[in-house]
Amino acid sequence: MSGLRSKHLLGLEGMTAEEINLILDTAASFKEISERPVKKVPALRGKTVVNLFFEVSTRTRASFELAEKRLSADTVNISKAGSSVAKGESLRDTAENLQAMKIDVIVIRHGSAGAPHFLASILDASIVNAGDGSHEHPTQGLLDMFTLREKLGGIEGKRVTIIGDIAHSRVARSNIFGLVTLGAHVTVCGPPTMIPPRIEELGVRVETDLNRAIGEADAVNVLRIQLERQKVNLFPSLAEYAVVYGINRERLAAMKPGSIVMHPGPINRGVEITQEVADGDRAVILEQVTNGVAVRMAVLYLLCEGGSKDKSPSIEDVVGEKSDSRVN
Amino acid sequence: MRDLSRWQGEREYVISNVIVVDPSRGRTMKGHVGVADSKIDFVEPGEPSAKDAQVFDGGGLHLSPGFVDIHVHLREPGFEYKETIRTGAMAAVAGGFTSVACMPNTDPPIDEKSVVEFILRRAKAAGFAKVYPVAAATKGRKGEVLGEYYDLVDAGAVAVSDDGAPVPTAQMARRVMEYASKYGIPFIEHCEDPSATADGVMHEGLYSTKLGLSGVPSYSEEVCLARDLLILKTIPAKYHAAHLSSRGSVDLVRDAKKKGLPVTAETAPHYLYFSDADLQTFDTNLRINPPIRGEEDREALFAGLKDGTIDCIASDHAPHAPQEKQVEFDQAPSGAIGLETTFSVLITTLVRPGRANLAEALSLITHRPARVLGIPAGTLERGAPADFALFDPDEEWVVERNGFYSKSNNSPFIGRTLFGKVKHTVVDGELVTLRLQRAADR
């Protein structure tokens, strides 16, 4: 069996190992395109993708837009500011109006968990979750796994520690769902106030002591600590957080040789990670970003190729256009 | 003998060929019921005698006292776009409810005599279910100043509550209980600690963790309930805990009853049917306050019903307009309608799986809630108001989005199959279900 079971990508929870590996394998093919001088293939030519971003974003948004354009899709970008959402138009009306323009895919980032699921229940278009509240950020989880696979040679049996505000992190959740499915040993680490209840039932180890959490890790994924969380008493100060949970030179030195440091961005330099570590050679943060475009190309390709589910990407699609007299 | 649907305003008549179930008198039998001048004249086994005047064929249906729902939101005055007293009273009789108590979180709130009188007037004009107003415990439901209970009870209020919100402090809860006790009315508490609820939108547990939604811990409800029960130890008053949702709350009430405290408690049908795992669809009709909790809480509620810790079932019927509910989960207002599905949910979750027999289940929506509020309902004894429900406990039906008499359709049961259907409802001897017009058809 090949192809994805759903026409949406709403989350990594419930996705099979086969599906995840299909996306990662497809991404490996697409990564090469971004190395070429002409970074374009016709795979999604004629398809229309709307990027509907209700939350600010640098990486994810540019990454999706580039993925779409490199696949030759037509793209439309709508953000909350500057749209009629400012006039009070509901999410439902926004989406239905866009669908009336006959679009194929909506990539949505929204502050409310379940917003993509809501759209999937009322629209015909394929919905791609670019981050819904604290729930999931499946393409981030996928690009993190792609990076791990590339740097560590695989995922099964590898020890991955996720550090930070686990309770409010969609990156943590998607990583947990995907990594556990692929057989990694996942540890979550953070102050007790940021560890959600019963998370060990998702198949992870909970460790509030940073040294014990990272001692045997093959990779640590460092989450951004949000200043707003301080205001609701989840931790007393950034300074204390940095001392107790920050990844600095000493902590890095205590980790296994060959282990890597990841971060979804944006970085709070000096808080969860020091400048030195972020810029150092054990950190793979910018490679994650490169991989993000390839992973998103793979996702869009697989979701749009609904009619040819038993074809893996054809060589023509991946390698690019041959000279074609019909195209002008 | 004519079919019951041919009733045309007769004031004195007999319904025959029914299985009469009167849990208030421990009676179930095949027989007939006589009505005279809006009151029950007789309830007797077997066939009616030949000289009985107007006889209608009850079609083999079950006949019980009309149901009593002591916790509904009728939204009028102030929120008529969600529901009106008339449409709410229609939804009530469609579900077999002949008496309902409405909560005071209207606009203006039910904190003065004129609003009580308004509600009673509208209910009477509608002529469907009887409506008993619950007045606000504090002025404006703000939790700062006691309401004028004498005036409110004199006008017709049957209890006080700030429902939608708890009374905010121990001191205020004490004063409410003390003052309400003078008038013999119960204080109904919506148990919640708002600081513990914070921005929570569902039960705090495994599923809030999985879904990345802010959770409401069980102790939010329990902390408030425990506070009130400690006060109740020193202040003699009638205390009723609304919509219990958690195992801890059931334990607190059980303990309090063992100590002889004058506490009663209710739970709602959605807490018996669903658990927090069901929120994985992000269905906003499952966003309710207090939230639908875990399996262990659900089991505790069943146990509480069985051993009498929980006295009755109340729907907490909370209409919201479609445009309010068809939004992102954390933007949706809390609440679900329930008048038209409550009876069927009880059949489906209690009777069919053998957790209770029919009479036990019916007692939870007839004489027991009536007793909590002290209203004349829930019984078929001679001289009682002729309020009854005729139903088929075995009928299987699918809840449809457009099938409600309520103005709103925010029901989590849409698309679900339920058992048990009310076929006719009689209020003061009038077969009111004949007058129902579909909300969708109006």
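Predicted model: local features only at pLDDT ≥ 70, side-chain atom pairs only at ≥ 80, totals over all residues.

Q: What makes a stretch of chain A a domain here?
A: Domain bounds come from an automatic or database domain assignment. For chain A that assignment gives domain 1 (17-137 + 290-309) and domain 2 (138-287). The C-alpha centres of domain 1 of chain A and domain 2 of chain A lie 26 Å apart.

Q: How do you know which residues of domain 1 of chain A and domain 2 of chain A are in contact?
A: Two residues are in contact if their C-beta atoms, placed from the backbone, lie within 7 Å. By that rule, 22 residues of domain 1 of chain A are in contact with 23 residues of domain 2 of chain A. On the domain 1 side, α1 (17-31), β4 (126-132) and α12 (285-304) of chain A each supply at least two residues. These names follow DSSP runs numbered from the N terminus: helices are H or I with at least four residues, strands are E with at least two. The largest share of that side, six residues, comes from α12(A).

Q: What makes a residue on that side of domain 1 of chain A nonpolar, polar or charged?
A: Ala, Val, Leu, Ile, Met, Phe, Trp, Tyr, Cys and Pro count as nonpolar, Asp, Glu, Lys and Arg as charged, and the others, Gly among them, as polar. Sorted this way, the side of domain 1 of chain A that touches domain 2 of chain A has eight nonpolar, 10 polar and four charged residues.

Q: Which residues does the contact take from chain A and chain B, and how many?
A: The contact takes 22 residues from chain A and 15 residues from chain B. On the chain A side, α3 (91-99), α4 (115-122) and α6 (170-181) of chain A give two or more residues, and α4(A) gives the most, with three residues. That side divides into eight nonpolar, eight polar and six charged residues.

Q: Why are β5 and β6 of chain A called a pair?
A: Two strands pair if DSSP finds at least two bridges between them. β5 (residues 159-163) and β6 (residues 185-189) of chain A have five bridges in the parallel sense, so they qualify. A:I162 stands opposite A:V188 in β6(A). β6(A) also pairs in the parallel sense with β7 (residues 205-206) of chain A over two bridges, where A:V188 stands opposite A:V206.

Q: What makes the β5(A), α6(A) and β6(A) unit right-handed?
A: A crossover is right-handed if, with the strands pointing away from the viewer, the path from the first strand over the helix to the second runs clockwise. β5(A), α6(A) and β6(A) make a β-α-β unit of that hand. In chain B, the crossover from β7(B) through helix α1 (residues 85-94) to β8(B) is right-handed too.

Q: Why are β7 and β16 of chain B called edge strands?
A: An open sheet of eight strands has the order β7-β8-β9-β10-β11-β14-β15-β16 (chain B), with parallel pairing. β7 (67-72) and β16 (312-313) of chain B each pair on one side only. Inside the sheet, four bridges join β7(B) to β8(B), and four join β8 (residues 97-102) to β9 (residues 130-136) of chain B. B:F67 stands opposite B:F97 in β8(B), and B:A101 opposite B:Y132 in β9(B).

Q: How do you know that helix α12 of chain B is mostly covered?
A: A residue is buried if 20 or more other C-beta atoms lie within 10 Å of its own, exposed if 12 or fewer, and partly exposed in between, with C-beta atoms placed from the backbone. In α12 (residues 342-351) of chain B, 10 of its 10 residues are buried. What covers them includes β7, α9 (269-273), β16, α13 (358-363), β17 and β18 of chain B. β8(B) is mostly covered as well, with six of its six residues buried, and β6(A) has four of its five residues buried.

Terms used:
Residues numbered from 1 in each chain as written. Chains lettered and ligands numbered in written order.
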